[in-house]
Amino acid sequence: MSPVPRVFLKHLEKLEPNAQFTFSPPRLGSSSGAAYYAKIGTTSEHAQYIAEAESLKVLDTAAPGLVPKVLASGFFTHDDEESRPGIGRPYFLSEYKDLRSLSSASATVLGRRLAEEVHCHKGLNGFGFHVPTYCGPTRMENGWYSSWDKCYDALIAGLLSRLASSKYSALRTKGEQIRKRVIPVLLDPDKLVIQPVIIHGDLWSGNTGEDHKGQPVIFDPSSMFAHNEFDLAIGRMFGGIPPSFYTEYHKHLPKSAPEEEYDLRLDLYILFHYLNHTVIFGGSYAGGAEQKMDKLLREFP
C-alpha cells in the first residue's frame, strides 16, 4: 500500500473527521465508504495540474454536478506538507465518479445541460482562458482575444508551428491558406455574432460517461471561453456520443447564424482536432487534416 501524503489527509479530515483512509492511486477511499480521485504529478507537470483544476472549477460553477468537483489542488514538498504555488510536486483531489459508458438517455441529458448551463456561462474577458490548458499533451497557450476569429486563428497557428518536420510542409502550406482564406470569412465577427462561453474543449466519447444514477459526467477538460459550436466537433470526428446528444442540444441552443454554414464551421473545428492528433500521433491523422483543408479551400477559393 502506498503511503497517503499528509497534504491529502489535511483536506480529507475537513470532510470526514477521524476517518481512516486507504490509498490505491488514483482512488482514495475512506472507512465511511466515501471515495475520492487523487493523483500526484512530477515537478515538470505543474501547468497540467493547474489547467485541469481551473477548467473543472469553471465547468462546475456553470453546471454543478456535471464534472467531478475539485476538493483541493496545489503543491507539496518532499515532506508532504503544503508549499507555495509552483514549488514542489503538484497534487489534485476531487470527487470520485464510478462511471460507465454514456447511454442514449444520459446523452440526452448531457445535450440539454451543455446547452442550458455550460454554454450559457459567459466570459467577461473575451475569448481564451486565464491559464494555459492541455488538449491531450498539447499545450494551449491561450490568453485573451477580442474576437473568436482571432482566437481560433491563434489556435491553428500554434498547431501548425509544431509540425516542423519536412514531411508536413504541404500540410503547413494548406494550413496557412486556411488561416488566410477560410477563417476570416467563415468566422467573420460581422457575420458570425457570438459571445464567449465556457467549453469543455475535448468533448469526445472517451471523456464522457454516466454515473450509477444514470446522470452524465464529463471530465479531462481543456477549457476556454469560445464559440459554443467548437465543443460539438470532436464528437463527430470519433463518433461514440449518441445522436440524441446533438438532437437535444439544438432543441435548447439553436445553430449559430448563418445556419447554412454550420456544417462548414464544424469541419473547420474538426480540423483543429485532426491537426492536434497529427502533432501527437502523426500517421493517418495528417491525411484526415488535409482532406478537411481541401474541402474548406474548395468552398472558399
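Thr278 counts as buried, at 2% relative accessibility (buried is under 20% relative accessible area, exposed over 50%, partly exposed in between, with a 1.4 Å probe and protein chains only). This residue is found in helix α8, where helices (H or I, at least four residues) and strands (E, at least two) are DSSP runs numbered from the N terminus. Leaving aside residues up to four places away in sequence, Thr278 touches Leu163, Tyr168, Leu171, Tyr285, Ala286 and Ala289, a contact being heavy atoms within 4.5 Å.

Keep in mind that this is a predicted model: local features need pLDDT of at least 70, side-chain atom pairs count only at pLDDT 80 or more, and totals for chains, interfaces and linings use all residues. Numbering starts from 1 along each chain as its sequence is written, and side-chain values use heavy atoms, with hydrogens and water left out.

**α8 and α4**

- Helix α4 (residues 148-161) packs on helix α8 (residues 262-281) at an angle of about 25°, with the axes 9 Å apart; axes are lines fitted to C-alpha atoms, for helices over the stretch in contact, and angles run from 0 to 180 degrees between N-to-C directions.
- That angle makes α4 roughly parallel to α8 (under 35 degrees is roughly parallel, over 145 roughly antiparallel, 65 to 115 roughly perpendicular, and the rest oblique).
- α4 passes α8 in a left-handed crossing, meaning that the near helix is turned anticlockwise from the far one by less than a right angle; clockwise would be right-handed.
- On the α4 side, the contact is made by Trp148, Tyr152, Leu155, Ile156, Leu159 and Leu160. From α8 come Leu268, Tyr269, Phe272, Leu275, Asn276 and Val279.
- Sorted by class, this contact of α4 with α8 has eleven nonpolar residues, one polar and no charged ones. Here Ala, Val, Leu, Ile, Met, Phe, Trp, Tyr, Cys and Pro count as nonpolar, Asp, Glu, Lys and Arg as charged, and the others, Gly among them, as polar.

**α8 and α5**

- Helix α5 (residues 169-186) also meets α8: the two axes come within 12 Å and cross at roughly 150°.
- α5 and α8 are therefore roughly antiparallel to each other, and their crossing is left-handed.
- In α5, the residues involved are Leu171, Ile178, Val182, Ile183 and Leu186. Their counterparts in α8 are Leu264, Arg265, Leu268, Leu271, Leu275 and Thr278.
- The residues of the contact of α5 with α8 divide into nine nonpolar, one polar and one charged.

**Salt bridges**

- The count comes to 17 salt bridges, each being a side-chain nitrogen of Lys or Arg within 4 Å of a carboxyl oxygen of Asp or Glu.
- Asp267 and Lys295 pair up at 2.8 Å, N to O. This pair links distant parts of the chain, with Asp267 in helix α8 and Lys295 in helix α9 (residues 284-299), 28 residues apart.
- Asp267 is buried, with a relative accessible area of 5%, whereas Lys295 is partly exposed at 35%.
- Salt bridges that share partners also join Asp153, Glu176 and Arg179 into one network.
- Asp263 bridges to Arg236, with the closest N and O atoms 3.2 Å apart. Here too distant parts of the chain are linked: Asp263 sits in helix α8 and Arg236 in helix α6 (residues 233-238), 27 residues apart.
- Asp263 is partly exposed, with a relative accessible area of 44%, and Arg236 is partly exposed at 41%.
- Arg139 forms a salt bridge with Glu141, the closest N and O atoms being 2.9 Å apart. Arg139 is partly exposed at 30%, and Glu141 is partly exposed at 49%.

- The peptide bond from Ala257 to Pro258 is cis, with omega near 0°; Pro258 lies in the loop between α7 (243-252) and α8.
- Asn142 has a positive phi of about 60° although it is not a glycine. Its place is the loop between β8 (138-140) and β9 (143-145), and Asn142 counts as buried at 12% relative accessibility.
- Asp220, likewise not a glycine, has a positive phi of about 50°. Asp220 is found in the loop between β12 (216-218) and β13 (224-226) and counts as partly exposed, at 41% relative accessibility.
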